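Let's take a walk through this model together, one region at a time. Keep the structure open beside the text as you read.

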Amino acid sequence: MPVYHFRERHRREIRDTTAEAVWQALHSVTLNDLALTRMLVAVRGLKGDRSKPMFDGGPIKLLEQDEPLYAIGAGISRAWQPRPSKLEVSTVDEFTSFREPGWTKYLTDFRVEPAGDGVVLSTETRGYSTDTRSRLLFGCYWAVIRPGSGLVRRDVLAAVARLTARHRAARP
């Protein structure tokens, strides 16, 4: 999404591992693995299966991946509503062609880049509102939730690092 109104980026170095191990950990992260995020979800009153991997019916609808280096998920919502309306998309083309006013489209990607004796795991979220009103509404929402959003991203990266280390320690 080359044009966006909102953006959040985070990265974490994970040493003594491979891209494949980090990829496996990333795809196994559940809400139960995310200490800070669990609290934020409870405050927001969101329900769901906390033992399901986040890419398997979780908040991120995975649209495309290049294993073990890149995964991208997307959604369309009115996040500023007390009970946010959401639209499901199944492909990147469906996502990019959506233009109906009153919504914010967002992409979240995860990149695994080999670096020395480990990898750098990064994530970026970009949001684009389809009209001025939704941009203003989402902008207010974003101003409130952005610190929490950053905590969630960093929590996911930390959980992947922990899961990778556990897997490494369990190997003979």
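## Strands S2 and S3

In this predicted model, strand S2 (residues 61-66) and strand S3 run antiparallel and are joined by five bridges. Lys-61 is a handy place to begin, as it stands opposite Ala-74 in S3. The two strands are connected by a hairpin of three residues.

The loop between S2 and S3 contains Pro-68, and the peptide bond that joins Glu-67 to Pro-68 is cis, with omega at about 0 degrees. That is worth a second look, since most peptide bonds are trans.

Thr-104 stands opposite Ser-129 in S6. Two residues lie between the strands in the hairpin of S5 and S6, where Gly-116 adopts a positive phi near 60 degrees.

## The fold as a whole

Stepping back, the protein has four helices and six strands. Along the sequence they follow the pattern β-α-α-β-β-β-α-β-β-α. Of the contacts between residues at least 6 apart in sequence, 70% join residues at least 24 apart.

The protein has 172 residues, and 42% of them are buried. Its exposed surface comes to about 9900 Å², with carbon and sulfur atoms supplying 53% of that area.

How many of the eight residues of helix H1 are buried? Six are, so this helix (residues 19-26) is largely enclosed by the rest of the structure. The buried residues in H1 are Ala-19, Ala-21, Val-22, Trp-23, Ala-25 and Leu-26. They pack against S1, S2, S3, S5, S6 and H4.

In the loop between S1 and H1 you will find Asp-16. This residue is not a glycine, yet its phi is positive, at about 55 degrees. Most residues other than glycine have a negative phi. Asp-16 counts as partly exposed because its relative accessibility is 48%.

## Thr-164 in helix H4

Now turn to helix H4, where Thr-164 is found. Is Thr-164 buried or exposed? It counts as buried, because its relative accessibility is 2%, under the 20% cut-off.

The side chain of Thr-164 reaches the backbone oxygen of Val-160 at 2.7 Å. Leaving aside residues up to four places away in sequence, Thr-164 touches Ile-14, Thr-17, Ala-21, Val-22 and Ala-25.

## A buried glutamate

Strand S1 (residues 6-15) holds Glu-8. With a relative accessible area of 6%, Glu-8 is buried. What joins the side chains of Glu-8 and Arg-146? A polar contact of 3.1 Å does.

Not counting residues up to four places away in sequence, Glu-8 touches Thr-123, Glu-124, Thr-125, Trp-142, Arg-146, Ser-149, Gly-150 and Arg-153.

## Aromatic rings and charges over them

The count of aromatic pairs comes to five. In one of them, the ring centres of Phe-138 and Tyr-141 are 5.5 Å apart and the planes stand at 50 degrees, so this pair is tilted. In general, an α-helix has 3.6 residues a turn, so residues three or four places apart point the same way.

Phe-138 counts as buried, at 8% relative accessibility. Ring pairs also link Phe-138 into a cluster with Phe-6, Tyr-141 and Trp-142.

Arg-78 lies over the face of Trp-103, 3.7 Å from the ring centre. The charged end of Lys-105 sits over the ring of Phe-95, at 4.9 Å from its centre.

Terms used: Residues numbered from 1 in each chain as written. Predicted model: local features only at pLDDT ≥ 70, side-chain atom pairs only at ≥ 80, totals over all residues. Heavy atoms only, no water. Pairing = 2+ DSSP bridges. Buried < 20%, exposed > 50% of the residue type's maximum accessible area, 1.4 Å probe, protein only. Polar contact = N/O pair within 3.5 Å; in protein donor to acceptor, adjacent residues only side chain to side chain. Contact = heavy atoms within 4.5 Å. Phe/Tyr/Trp six-rings, centres within 6.5 Å; stacked < 30°, edge-to-face > 60°. Lys NZ or Arg CZ within 6 Å of the ring centre and 35° of its normal. Areas by Shrake-Rupley, 256 points an atom, 1.4 Å probe, with all protein chains shown as cover.
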